[in-house]
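Subject: Handing over the two-chain model

Hi,

Here is the structure I promised to pass on to you. Please have a look at it first, and then read my notes below.

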Amino acid sequence: MTRRQRQRVLRGVLYASAVAAVVALAGLADWVLLRRNFLDLDIAATMFPDVLLVAARNTIVYTALAFAFGLVLGLALALMRLSSIPPYRWFATVYIEVFRGLPALLTIFLVGFGIPIAFQTRWPVLLQITLGLGIVAAAYMAETIRAGIEAVPRGQMEAARSLGMSRGRAMASIIIPQGFRIIVPPLTNELVLLIKDTSLLFVLGTTPATKELTKFGRDILTARANATPLIVVGVVYLLITVPLTQLVAVLERRNARSR
Amino acid sequence: MSAAGEGSDVVREGVAAIRVEGLQKSFGANHVLRGIDFRVDVGEVVCVIGPSGSGKSTLLRCVNRLEEADAGSILIEGEDIRDPDADVDLLRSRIGMVFQSFNLFPHLSVLRNLTIAQRRVRGRSREEAERVARGNLDRVGLGEKADAYPAHLSGGQQQRVAIARALSMDPDMMLFDEPTSALDPELVGEVLAVMRDLARDGMTMMIVTHEMGFAREVADRVVFMDGGVVVEEGSPERVLGAPAQERTRRFLQMVR
């Protein structure tokens, strides 16, 4: 056999194995059982409209709060990390290392239970959520923002300073706007991670009005002893996250072209 | 400090635009400037030439304190820019700077490149800033590019915008750091033409350049630097035509 023929045979074998595997799985699977447990349309129907109007809405609200908090604190930390004043740098470095190194769940416990017990206070639940997720998000975003600021060519700061701008003015008008343009793709990735991390928030305890997607699905799973709710909320997650990751891909392609 | 605030029309007789004395600068173990004395008078065009690594760009960058000198004094219209109490931002706003790599702000339109510092530093209104900007764009022949973004301009056009941006601050003097070195050969002429016009209008200019023809034609004085010192200076005819120093002769033979 020539090389070409061998390759053709190999490809044929690979295709045939894939088809055989699919046929075997389809034949062996208990379709009735699968369908009853994962795609029970009656159960799915009972989830609407609350899965969208309450659960998805809460997931989006919690993500937005934590993202906004993380972005503001992250920017502050990034600027501290780049500061010429050593104590600011040290603080930012320690903060970033600590909260990137801890599980998000631990921070959520800390904000939701540790601090209330220690100080005998009770914070509004939205504040607990914002801090619980935002404190960790800020650590990641600080590093992303710092990388963006450092990616702006040095000549930009020099040009701004030579026009008489102060360092702070040059940062605000010239450097940070360009830095953020560079980091829109990685920041969108942070947003996707944050959306998924909202599923940890159930540990703070929930009322029917504060459930996010995962807790909402899980509670119906328990009530109905059926996995369908997980499929439904899974699809809702994907409807939110896949467009975002696709957007990242588009932005990255555009960034690559403009350079 | 008092005269500084009164704007750019104040010309003081007898005070040099730039006066540098005993300037020293090292980068680590590399002693780049070894005691430079240098001056540019008001209305004078001075071209600084010399081999790469001679310290000429470092000298220029020390003048507006983009580099911190280690020793010596740098007086801008009589004010010491190295003085810890000096308002460096204000002094810099009176010194136009043009870079080898243009350094336009890529996220802003050409017009906004020219207005942002006028508005944020000079505190001009949008209308006034745009009027000044459009005037300077016309001056460099790019009046129709006001709404373009830097990425859509040729290198020569970008450098002309950069010159217009510096001019929009109404500077008392202009510094040029190898303004044509990053340009394709066919684009050098348009930038030099703009600089020639500026010189004719009486702008005080310090130009670090490799364009010997331009230096000969436009400069009032040529300064040759090598190894971190000023080797010789004088009229372009003398320094470029009949150099007194062996080092100058060797350099001029090499660039020819």
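Let me start with a spot in chain B: B:Asn103 sits in the loop that joins strand 6 to helix 3 of that chain. The residue is not a glycine, yet its phi is positive, at about 55 degrees. Keep in mind throughout that this is a predicted model.

On to confidence, then. The model scores are ipTM 0.90 and pTM 0.83. Chain B has a mean pLDDT of 93, with 95% of its residues at 70 or more. For chain A the mean pLDDT is 91, and 98% of the residues reach 70 or more. Within chain A, helix 3 (residues 41-47) has the lowest confidence, a mean of 86, while helix 8 (residues 154-162) has the highest, at 97. The stretch to be careful with is residues 1-10 of chain B, where pLDDT stays under 50. For that stretch the model has ten contacts beyond four places in sequence. Where pLDDT is low, predicted coordinates should not be read in detail.

Now the interface. How many residues of each chain are in contact with the other? On the chain B side there are 22, and they touch 18 residues of chain A. Between them the two chains bury about 1,700 Å², and 60% of that is on carbon and sulfur atoms. Three residues, B:Asp89, B:Phe105 and B:His107, supply 33% of the area that chain B buries against chain A, more than any other three residues.

As for specific interactions, there are two salt bridges between chain B and chain A. One of them pairs B:Arg61 with A:Glu158, whose closest N and O atoms are 2.6 Å apart. Six residue pairs across the two chains are in polar contact, with both partners at pLDDT 80 or more. On chain B, the elements that give two or more residues to the side touching chain A are helix 2 (88-93), strand 6 (95-98), helix 3 (110-120) and helix 5 (155-167). By residue type, that side of chain B divides into 13 nonpolar, four polar and five charged.

The peptide bond from A:Phe48 to A:Pro49 is cis, with omega near 0 degrees. A:Pro49 belongs to the loop between helix 3 and helix 4 (50-81) of chain A.

Over all chains, a search of the whole structure turns up four aromatic pairs. For A:Phe91 and A:Tyr95, the ring centres are 6.3 Å apart and the planes stand at 40 degrees, so this pair is tilted. Both residues are in helix 5 (residues 86-101) of chain A, and because they are four residues apart there, about one helical turn separates them.

Back in chain B, B:Asp226 is part of strand 9 (residues 221-226). Which residues does B:Asp226 contact, leaving aside its neighbours within four places in sequence? They are B:Pro51, B:Ser54, B:Val231 and B:Arg247.

Best wishes

Notes
Residues are numbered from 1 along each chain as its sequence is written. Chains are lettered from A and ligands numbered from 1 in the order in which they are written. This is a predicted model: local features need pLDDT of at least 70, side-chain atom pairs count only at pLDDT 80 or more; totals for chains, interfaces and linings use all residues. Side-chain values use heavy atoms; hydrogens and water are left out. Contact means heavy atoms within 4.5 Å. Buried area is the accessible area (1.4 Å probe) that two parts lose on being put together, summed over both. A salt bridge is a side-chain nitrogen of Lys or Arg within 4 Å of a carboxyl oxygen of Asp or Glu. A polar contact is a pair of N or O atoms within 3.5 Å; within protein, one must be able to donate a hydrogen and the other to accept it, and residues adjacent in sequence count only if both atoms are side-chain atoms. Ala, Val, Leu, Ile, Met, Phe, Trp, Tyr, Cys and Pro count as nonpolar, Asp, Glu, Lys and Arg as charged, and the others, Gly among them, as polar. pLDDT is the predictor's confidence in each residue, from 0 to 100. Rings of Phe, Tyr and Trp (its six-membered ring) pair if their centres lie within 6.5 Å; planes under 30 degrees apart count as stacked, over 60 as edge-to-face and the rest as tilted.
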